[in-house]
Amino acid sequence: DQFEILDLLSALVDKSLVIVDDASGQSRFRMLESMREYARGRLDASPDSATAAQLHLAYFADLSEGLLLQARNGDLVDALEGMRVERDNVRLALDTGLRDGHHELVARIIGGIGHLWYIDGAFREGIDWCARLFVLEPDLSTTVMASVLHSYGSLLGSWAEPEAGAEMLERQVVLRRELGEPLRLAAAL
């Protein structure tokens, strides 16, 4: 229950096991590195570890897609800030998702924040995550594949490999035509 969580979180703050960070104008909670490692070890030993990891991954897939929508709706500054604030959590979700074989969720994250990596100049990071996903030859839904191809193609084409980027974008064009998405097709073209 939400109130129980708030009580437990407050107790951890009172004991200085969790730190409140208000720097961004929004309260965020973080742990000291030693506490985070201890908690991570306990979670990994728990029978609920896989469920918690998948819920974490699904949350950041939804968040990433929401940040993309926010950027498309004209609030690019806040979308970029949201990506930057959650960078470490996103990295953990991507790493865990790749390790555990949750390729669709990983691809949703990449498709969601690929544009933000592009705008933020984080080309190398985005390309690395895309490459790690594609080396696994993931079986993705058409919509998610088109989205991740857009991210990968844009990042590759802008960083150092325009031919490879164009190839990814051409693959996306085929999928967007299949999906009948004229607005996304125009972006791909």
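A residue counts as buried when its relative accessible area is under 20%, as exposed when that area is over 50%, and as partly exposed in between, with a 1.4 Å probe and protein chains only. The model described here is predicted, so that local features need pLDDT of at least 70 and side-chain atom pairs count only at pLDDT 80 or more, while totals for chains, interfaces and linings use all residues. Residues are numbered from 1 along each chain as its sequence is written, and side-chain values use heavy atoms, with hydrogens and water left out.

Threonine 96 is buried because its relative accessibility is 7%, whereas glutamate 33 is partly exposed because its relative accessible area is 46%. Helices are DSSP runs of H or I with at least four residues, numbered from the N terminus.

With contact taken as heavy atoms within 4.5 Å, threonine 96 is in contact with Arg40 and Ala53 once its neighbours within four places in sequence are left aside.

**The nonpolar core**

A nonpolar core is a set of buried Ala, Val, Leu, Ile, Met, Phe, Trp, Tyr and Cys residues joined through side-chain atoms within 4.5 Å. The largest such core has 38 residues, and those with the most contacts inside it are Leu94, Ile109, Ile110, Leu116, Trp117 and Val148. Among the elements that give two or more residues to this core are H5, H6 and helix H8 (142-159). Leucine 94 touches Val106, Ile109, Ile110, Trp117 and Trp129, not counting residues up to four places away in sequence.

**The cavity**

On a 1 Å grid over the protein atoms alone, a cavity is a set of points where a 1.4 Å probe fits but cannot get out, and its lining residues have an atom within 4 Å of a point. There is one cavity of 30 Å³ or more. The largest cavity holds about 40 Å³ of space, and its lining consists of Met83, Arg87, Val90, Arg91, Ile113, Trp117 and Glu125. H5 gives the largest share of this lining, three residues, while H5 and helix H6 (103-120) each supply at least two.

Key
On a 1 Å grid over the protein atoms alone, a cavity is a set of points where a 1.4 Å probe fits but cannot get out, and a pocket is an open set with protein on both sides within 12 Å along at least five of seven lines; lining residues have an atom within 4 Å of a point. Grid points are joined across faces, edges and corners, and a volume is the space filled by probe spheres set on the points.
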